Amino acid sequence: MARYALVTGASSGLGRDIAIELAMKGFHVVLCSRNSLALQEVRDHISGLGRDSSIETIDLSNIDETVSRIQELLNKYRNMEIIVNNAGAGIYGPIVEYQDRDIVNIINLNYVSPVIITKYGLAHMIRMGIKGAIVNVSSLIVYTPIPWFSIYTSTKTALKGFTDSIRIEAKPYGIRVIGVYPGYVETSFHRNLIRTKSGEKIGDSGIPRNPLVPRHSSRYVARYVVGKILDEDFNGDVVIGFRYKLLRILAILFSPLIYRSLESSFIKRIKTIEPAVG
Ligand SMILES: NC(=O)c1ccc[n+]([C@@H]2O[C@H](COP(=O)([O-])OP(=O)(O)OC[C@H]3O[C@@H](n4cnc5c(N)ncnc54)[C@H](OP(=O)(O)O)[C@@H]3O)[C@@H](O)[C@H]2O)c1
């Protein structure tokens, strides 16, 4: 019987590389996102490696669509052992400039859809007696709140709380719930950020360039994450690389200091910007 793994946001970046890694490890990967052409490219790549995968287009910012499609997919690919909630996007700029529609879409995509997928995925695994894994891709940003990333940070923080709680709920069924906390990964995420007027003026994503903050390739991160997913004894948080592990510990231990330093560097950066309150 085929072993299935579902990966959301499989059309690019981290999701694409996680899907390829899982396919290489023998899973039939169900590739989900909105862009069917990009998904086809990933499917072709996987088939070039002699593996099978399927494409399922879905807009995860639409919750009604997410609810109906996830049930349909679990009925279609019944032996679903791994679900990776990876799709996500960011919005950058002062909260007063955000479009209401963008706020709702980002919250749905980054938080509500992983919750819905986890709910149905977990119920399915319990019903089928599958001792699988649910993987939620959050971000290290939850430990260092970055100004102008308020909605992104809060969705990833909510996802962390959800993941930590569900890990305990799922444990009696032998189902693992893994939280992934990447630092900076070189993907189109930063280019695809929705930027408000002031966000455009600042230019980059506002994440400080610092030698302590390495930039990882998505292949490297994907390999590490898939290694943890396939380790049946692992059921916890994934932080990639020594420097990010250290940064996380420092952020927890010295959060008031880090908060103050973020505050003062932010104030210096935005001195010239007048947010458009409208
Ligand atoms: N890159 C980083 O530095 C970084 C750091 C920490 C955490 N993360 C997290 O890592 C995850 C993967 O991001 P990435 O860096 O690989 O970025 P990416 O290359 O931009 O990939 C984002 C993926 O999400 C999918 N997606 C976006 N909106 C969607 C929607 N409405 N419905 C369904 N799929 C949607 C995109 O596919 P379509 O456009 O085809 O829909 C794409 O496959 C995200 O959750 C992100 O928050 C990234």
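Colleague: Where does Pro145 lie?
Modeller: Pro145 lies in the loop between strand 6 (133–137) and helix 5. Helices (H or I, at least four residues) and strands (E, at least two) are DSSP runs, numbered from the N terminus. Residues are numbered from 1 along each chain as its sequence is written. This is a predicted model, where local features need pLDDT of at least 70 and side-chain atom pairs count only at pLDDT 80 or more, while totals for chains, interfaces and linings use all residues.

Colleague: How many C-beta neighbours does Pro145 have inside 10 Å?
Modeller: Pro145 has 16 C-beta neighbours inside 10 Å, so Pro145 counts as partly exposed. With C-beta atoms placed from the backbone, buried means 20 or more other C-beta atoms within 10 Å of a residue's own, exposed means 12 or fewer, and partly exposed is in between.

Colleague: What about Trp148, buried or exposed?
Modeller: Trp148 is buried, because 26 other C-beta atoms lie within 10 Å. Trp148 is also in the loop between strand 6 and helix 5. Although Trp148 is not a glycine, its phi is positive, at about 75 degrees.

Colleague: On to helix 5. At what angle do the axes of helix 4 and helix 5 cross?
Modeller: The axes of helix 4 (residues 100–128) and helix 5 (residues 150–170) cross at roughly 10 degrees and come within 9 Å. That makes helix 4 roughly parallel to helix 5. Axes are lines fitted to C-alpha atoms, for helices over the stretch in contact, and angles run from 0 to 180 degrees between N-to-C directions. Under 35 degrees counts as roughly parallel, over 145 as roughly antiparallel, 65 to 115 as roughly perpendicular and the rest as oblique.

Colleague: Which residues in helix 4 meet helix 5?
Modeller: On helix 4 they include Ile103, Asn110, Tyr111, Pro114 and Leu122, and on helix 5 they include Tyr152, Lys156, Leu159 and Phe162. Contact means that the C-beta atoms of two residues, placed from the backbone, lie within 7 Å. By class, this contact has 14 nonpolar, three polar and one charged residues. Ala, Val, Leu, Ile, Met, Phe, Trp, Tyr, Cys and Pro count as nonpolar, Asp, Glu, Lys and Arg as charged, and the others, Gly among them, as polar.

Colleague: And what does Thr163 touch?
Modeller: Not counting residues up to four places away in sequence, Thr163 touches Asn136, Ser138, Val177 and Gly179. Thr163 sits in helix 5 and is buried, with 25 other C-beta atoms within 10 Å.

Colleague: Different topic. How many residues surround the ligand?
Modeller: The ligand is surrounded by 30 residues, and the closest are Gly9, Gly13, Arg34, Asn35 and Gly88. A residue is near a molecule or strand if its C-beta atom, placed from the backbone, lies within 6 Å of it. By class, the shell has 12 nonpolar, 16 polar and two charged residues.

Colleague: Which element gives the largest share of that shell?
Modeller: Helix 1, with three residues.

Colleague: What is Asn86 in contact with?
Modeller: Leaving aside neighbours within four places in sequence, Asn86 is in contact with Val7, Thr8, Gly9, Leu14, Gly15, Ile18 and Val137. Asn86 is in the loop between strand 4 (80–85) and strand 5 (91–92), and is buried, with 26 other C-beta atoms within 10 Å.

Colleague: Last one, how many residues are in the largest nonpolar core?
Modeller: The largest nonpolar core has 65 residues, and those with the most contacts inside it include Leu6, Val7 and Val135. Helix 1 (residues 13–24) gives the most to this core, with six residues. Such a core is a set of buried Ala, Val, Leu, Ile, Met, Phe, Trp, Tyr and Cys residues joined through C-beta atoms within 7 Å.
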